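Biologist: I'm new to this one. Could you put it up on screen and walk me through the charged pairs?

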Amino acid sequence: MSDVSEASVYQLAVLRTELSNSSTLLAHMQGAVAFLISAIGVAKFLDSFWLFDLCGFGLTGLAFFVFLRGIRLFRRTRSTIEEEKANVHRLFGDGRYEKGV
């Protein structure tokens, strides 16, 4: 396989990885919103028993945990992707690999 085609294959792999990383972040956000809606439903729409309120607070905490975990995972994966881009840019540094893709 020539260097040009290897660079093209790598560019496509990076794009797929970046898209899947974004998709994973959105899935974490969706989960956090679902937990938050569940917390509101449990705390507000069920009887005002203290146990339901406690479950609502627990689900709210879980929602924030899932949201923050998603952001942390997204940033860590993004930095790994950027390191790999820099390594490949050094490998294909003669212009056949476009930095910034």
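Predicted model: local features only at pLDDT ≥ 70, side-chain atom pairs only at ≥ 80, totals over all residues.

Biologist: How far apart are N and O in the salt bridge of Glu-82 and Lys-85?

Modeller: Side chains of opposite charge can pair when their charged atoms come close. To count as a salt bridge, the nitrogen has to be within 4 Å of the carboxyl oxygen. Glu-82 and Lys-85 do meet in one, with an N to O distance of 3.6 Å.

Biologist: Which residue in helix H1 pairs with Lys-85?

Modeller: Lys-85 has a salt bridge whose closest N and O atoms are 2.8 Å apart. Lys-85 belongs to helix H2 (residues 50–91) and its partner to helix H1, so the pair ties together parts 67 residues apart in sequence. That partner is Glu-18.

Biologist: Is Lys-85 buried or exposed?

Modeller: Buried means under 20% relative accessible area. Lys-85 has 11%, so the label is buried.

Biologist: And which residues make up the salt-bridge network?

Modeller: Glu-82 is partly exposed, at 41% relative accessibility. Salt bridges with shared partners join one network, made of Glu-18, Glu-82 and Lys-85.

Biologist: What is the C-alpha to C-alpha distance between Leu-26 and Phe-74?

Modeller: Leu-26 lies in helix H1 (residues 3–45) and is exposed, at 55% relative accessible area. In sequence, Leu-26 and Phe-74 are 48 residues apart. In space, their C-alpha to C-alpha distance is 9.8 Å.

Terms used:
Residues numbered from 1 in each chain as written. Heavy atoms only, no water. Helix = DSSP H or I, 4+ residues; strand = E, 2+ residues; numbered from the N terminus. Buried < 20%, exposed > 50% of the residue type's maximum accessible area, 1.4 Å probe, protein only. Salt bridge = Lys/Arg side-chain N within 4 Å of Asp/Glu carboxyl O.
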